[in-house]
Amino acid sequence: MISVVALVRSKPGAAERVRIGLNSLISPTRAETGNIIYVIHESEDPNLFVSYEQWVSPEALQDHMQTPYVTEFIAHCAEAFAAAPELHTLTLFSSEAAIV
C-alpha cells in the first residue's frame, strides 16, 4: 500500500476552476481497482486544496496518473495553478490496527 498527499495551489481568483476540476476526479478515481481512499480537502487558504489518497501499489498510483481524466484535469487547469501540484508519497510505518 502507498499513500499520497497532494497539494494543489490555485492562482488567486482561479480557485473555483481548480475546485470544479478536482471534483471531476472523485468518482472515476474511486472506481479504479487500485484505489483504496481518495478524498479532497479545502484548506483555510482558499487557494489550497489537499488530497489524501491510498493505493494498493505504486503501480496503481502510476496508472492513475496516466488516466485520461487526470491528464485532462492537469491540462485544463494548468493556467489556474499557482505552481505544479506537489505529490508527497508516504509509506505506513505504524500498525494499520492503530487507524481509527
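Helices (H or I, at least four residues) and strands (E, at least two) are DSSP runs, numbered from the N terminus. By that definition the protein has 3 helices and 4 strands. Along the sequence they follow the pattern β-α-β-β-α-α-β. The radius of gyration, taken over C-alpha atoms, is compared with a globule rule of 2.2 Å times the number of residues to the power 0.38. The protein comes to 14 Å, close to the 13 Å that the rule gives for 100 residues, so it is as compact as a globular protein of that length. Its C-alpha trace spans about 40 × 30 × 20 Å along the principal axes.

This is a predicted model: local features need pLDDT of at least 70, side-chain atom pairs count only at pLDDT 80 or more, and totals for chains, interfaces and linings use all residues. Residues are numbered from 1 along each chain as its sequence is written, and side-chain values use heavy atoms, with hydrogens and water left out.

Now the contacts (heavy atoms within 4.5 Å). Of those with a separation of 6 or more, 69% join residues 24 or more positions apart.

How much of the protein is buried (under 20% relative accessible area, 1.4 Å probe, protein chains only)? Of its 100 residues, 36% count as buried.

Last, the rings. Rings of Phe, Tyr and Trp (its six-membered ring) pair if their centres lie within 6.5 Å; planes under 30 degrees apart count as stacked, over 60 as edge-to-face and the rest as tilted. The count is 1 aromatic pair. The ring centres of F73 and F81 lie 5.7 Å apart with planes at 65 degrees, so the pair is edge-to-face. F73 is buried at 8% relative accessibility. F81 is buried at 8% too.

Notes:
Buried means under 20% relative accessible area, exposed over 50%, partly exposed in between (1.4 Å probe, protein chains only).
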